[in-house]
Amino acid sequence: MTKITKYIEEAKGKTLFSIEIIPPVKGESIQTLMNNIEPLMEFQPPFIEVTYHREEFIEKVINGRIEKIPTRKRPGTVGICASIMNRFKVDAVPHVICGGFTQEETEDFLFDLHYIGIDNVLVLRGDPVKGNAAFVPEKGGHAYASELLEQVVSMNQGKLLHEETESAPTNFCIGVAGYPEKHFEAPNFQVDFEYLRRKVALGADYIVTQMFFDNQKYFDFVKKCREEGINVPIIPGLKPLATRKQLTVLPRIFHLDIPIDLVNAVNACKSDKDVKQVGIEWCIQQCKELMDFGAPILHFYTMSKSESTQKIAQAIF
Ligand SMILES: NC(=O)C1=CN([C@@H]2O[C@H](COP(=O)(O)OP(=O)(O)OC[C@H]3O[C@@H](n4cnc5c(N)ncnc54)[C@H](O)[C@@H]3O)[C@@H](O)[C@H]2O)C=CC1
Ligand SMILES: Nc1nc(=O)c2c([nH]1)NC[C@@H]1CN(c3ccc(C(=O)N[C@@H](CCC(=O)O)C(=O)O)cc3)CN21
């Protein structure tokens, strides 16, 4: 399988299209997911990213006592990756997270990916368990994406956690997350930026950004990275706005600003059907500017729904 950085090199400046999907809720048909990916394949994404979802805790009454049961709402990241590679003949890029994994479990997980022919991973810390305010690392696991990244780099060098002898090296191309409007937990932009710098210094091959609705945030971020010697590709992450509720939900979850013109356009809408159209048009405009700027790839957070992304891709590719 091909490395993301190679796809970018081979495109020779042409902007590529990629998508991110989430595994289905357990019990839902995988066919629904495939039916949503299918219409986006005409835009030839070289890869599809697949998110990873950690356990959640549900409360159940067992023998008269309330117990917390760990359960996974969206299992199957590795299986979905394999399925996508088989069916669409594109690369799948799984998210690999720190949360819920010991280092040993991470090592085994990475071997599974390696064995099914995955050569790209997006290395993340991951979100806190649903309902918890703060991220808590697993005992014997990683607390930050940079630590997990070091483990992947070691495996690429044939070094395992506990084996004395050298292992056959893996060959992962490693992506990391970057935040044009800073990560929500970081005390300020500069502090967050220093951690990004560390991730790249340790061997990250490319950056995928958090979503943004104001291109200037991305332009400034890229400029800052280049000035500070971060020279890896910076892939913008885009989410077409789809509901009025997202005007408040997205800033709350992701700590990003929504430009006044977009807010006004959404508030002028009569229904979410109209909001969807506004979201599509806004995103098309963003994409055009990002292409002119020379963004290597436009990466869409589709949430496994194809409609808005398909319309946007039709307008720009
Ligand atoms: N493309 C994207 O933007 C994506 C982002 N995410 C989410 O992003 C969130 C964070 O993940 P990452 O950015 O991978 O985490 P990270 O480990 O790089 O950073 C997490 C937070 O810790 C801080 N930090 C990093 N290293 C530190 C250190 N050594 N000491 C003290 N503080 C440190 C950072 O400033 C940031 O606030 C997660 O919630 C993840 O699920 C998920 C999927 C894609
Ligand atoms: N902190 C964080 N966690 C993630 O999992 C994540 C990021 N950031 N940023 C990049 C991608 C994009 N992701 C997402 C996640 C959710 C929505 C979303 O649309 N959420 C719902 C609201 C969900 C809620 O109410 O909890 C929405 O209606 O917009 C979009 C992109 C997942 N990834």
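**Note on the sheet and overall fold**

1. L122 stands opposite G175 in strand 7, strands being DSSP runs of E of at least two residues and helices runs of H or I of at least four, both numbered from the N terminus. This is a predicted model, in which local features need pLDDT of at least 70 and side-chain atom pairs count only at pLDDT 80 or more, while totals for chains, interfaces and linings use all residues. Residues are numbered from 1 along each chain as its sequence is written, with chains lettered from A and ligands numbered from 1 in the order in which they are written.

2. Strand 6 (residues 120–124) and strand 7 (residues 173–178) pair in the parallel sense over four bridges, where pairing requires that DSSP finds at least two bridges between two strands.

3. Helix 1 (residues 4–11) packs on the sheet, where strand 1 (16–21), strand 2 (47–50), strand 6, strand 7, strand 8 (206–209) and strand 11 (297–301) are touched by it; a contact means C-beta atoms, placed from the backbone, within 7 Å.

4. The open sheet has nine strands in the order 9-8-7-6-5-2-1-11-10, with parallel pairing, and its edge strands, strand 9 (234–235) and strand 10 (237–238), each pair on one side only.

5. In total the chain has 11 helices and 11 strands. Its radius of gyration, 20 Å, is close to the 20 Å that the globule rule gives for 317 residues, so the chain is as compact as a globular protein of that length; the radius is taken over C-alpha atoms, and the rule is 2.2 Å times the number of residues to the power 0.38.

Conventions
Two residues are in contact if their C-beta atoms, placed from the backbone, lie within 7 Å. Axes are lines fitted to C-alpha atoms, for helices over the stretch in contact, and angles run from 0 to 180 degrees between N-to-C directions.
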